[in-house]
Amino acid sequence: MNSAESFCEQIGLEIPVVQAGMGGGVTTGELVGAVSAAGGLGTVGIMGDHAFNATLGKARRIAGPKRPIAANLLVPFVHQSHIDICAEQHVSVVTLLGVGAERWIHALHARGIPVHITVGDAEQAQRAIAAGADGLVAQGIEAGGHHMAVKPLAQALPEILDVAAGRPVLAAGGVADAEDVRRLLAAGAMAAIAGTRFLLTDESGAHPEYQRRVLEAKQTLRTQLFSFGWPLPHRVIPNAATERWCGRDGTAPAWIRSIGRVASPVSRVIPLSALGTVAKLQRVNLGLFTATLPLRSMPAEFADRTALYAGETLHRLRDIIPAAEAVARLAP
Ligand SMILES: Cc1cc2nc3c(=O)[nH]c(=O)nc-3n(C[C@H](O)[C@H](O)[C@H](O)COP(=O)(O)O)c2cc1C
């Protein structure tokens with residue numbers, strides 16, 4: 001059995017369906033716990049230490065002691081405390097997204113936790129393997145939210161599988177139904193990752209106004225508008241912020257992107273727990289937007305001044321459903 005074949009068995013995954021790591025509070029303990037209890041792999045996204053620990057704890061209580069639970073960490077915002085919490089909470093695998101993951105791969109390995117790095121093409125995959133990744137997440141440009149993706153998943157997956165050379169590869173981007181999962185497994189992925197499908201669940205922490213807009217959206221945009229502290233692109237749906245600042249293809253003005261890049265080191269010292277406060281300060285006309293997204297705990301009007309992450313699957317998703325039903329509908 002090679003390492004790819006044993007991935008699901010190693011972590012005890014019954015259904016090869018993974019709920020994507022979605023940072024900032026979308027991945028509630030209820031969502032992650034329900035996905036893992038239903039036989040899939042729930043993933044807690046990055047947040048401040050206290051919330052991260054509490055969310056993993058709640059997910060564990062809901063899923064039960066034997067089900068696997070994953071965590072997702074965005075490289076620029078990781079602290080050693082996140083690694084310690086992952087170990088204490090017996091996280092089965094960590095997915096990382098962002099440039100410069102090597103340090104955190106070593107830190108996770110030191111605590112015995114396997115690491116998958118999110119990549120968008122063969123070149124990124126080579127760097128991830130050289131840095132010590134145990135497996136890869138192949139992300140296609142259809143994906144909602146944070147992007148390493150540079151091309152459609154159908155093109156990216158075969159070249160990433162080649163580089164992985166037997167290491168497990170999970171595939172993300174454009175997964176809306178069981179047929180998508182079957183196609184990706186047939187192409188060589190070990191499991192399929194879905195984000196937008198799980199954003200649209202009862203247990204998701206997304207604000208109902210955000211969910212409503214995703215269901216009604218006619219298009220998505222790939223943009224660097226929400227770049228204050230995070231210079232990589234995102235896929236979002238339009239809102240007042242993108243209408244004010246972005247071109248039809250999502251391109252944000254160069255000055256906004258430059259400020260985002262320059263501000264990256266500064267914004268990393270803003271505690272993740274303060275993102276709600278930061279969102280309060282964002283104004284459509286100011287043009288400076290962090291990667292914060294509107295949560296249930298925020299006023300509905302934040303949907304026009306924060307990022308509404310969603311992927312191309314929104315054209316095929318029609319409803320908000322319980323997370324367990326989402327897993328069942330995706331099961332190949
Ligand atoms: C609301 C939202 C937030 C996201 N946040 C993160 C994140 O914090 N870390 C990450 O690695 N990927 C993030 N992503 C990307 C997902 O991991 C995944 O690649 C994507 O959702 C897959 O595409 P899909 O939305 O079409 O299923 C996010 C996606 C969404 C929709």
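The protein chain is divided into domain 1 (7–205 + 315–330) and domain 2 (221–309), with bounds from an automatic or database domain assignment. This is a predicted model, in which local features need pLDDT of at least 70, side-chain atom pairs count only at pLDDT 80 or more, and totals for chains, interfaces and linings use all residues. Residues are numbered from 1 along each chain as its sequence is written, and side-chain values use heavy atoms, with hydrogens and water left out.

Trainee: How many residues does each domain give to the contact?

Mentor: The C-alpha centres of domain 1 and domain 2 lie 23 Å apart. Counting contact as heavy atoms within 4.5 Å, the contact takes 27 residues from domain 1 and, from domain 2, 15 residues.

Trainee: Which residues of domain 1 lose the most area to domain 2?

Mentor: Buried area is the accessible area (1.4 Å probe) that two parts lose on being put together, summed over both. Between domain 1 and domain 2 this comes to about 1700 Å², with carbon and sulfur atoms giving 64%. On the side of domain 1, 31% of what is buried comes from three residues together: F77, H146 and H147.

Trainee: What is the distance from the side chain of T196 to an oxygen atom of the ligand?

Mentor: A backbone N or O atom of G23 lies 2.9 Å from an oxygen atom of the ligand. A polar side-chain atom of H146 lies 3.3 Å from a nitrogen atom of the ligand. For an N or O atom in the side chain of T196, the distance to a ligand oxygen atom is 2.6 Å.

How values were computed: A polar contact is a pair of N or O atoms within 3.5 Å; within protein, one must be able to donate a hydrogen and the other to accept it, and residues adjacent in sequence count only if both atoms are side-chain atoms.
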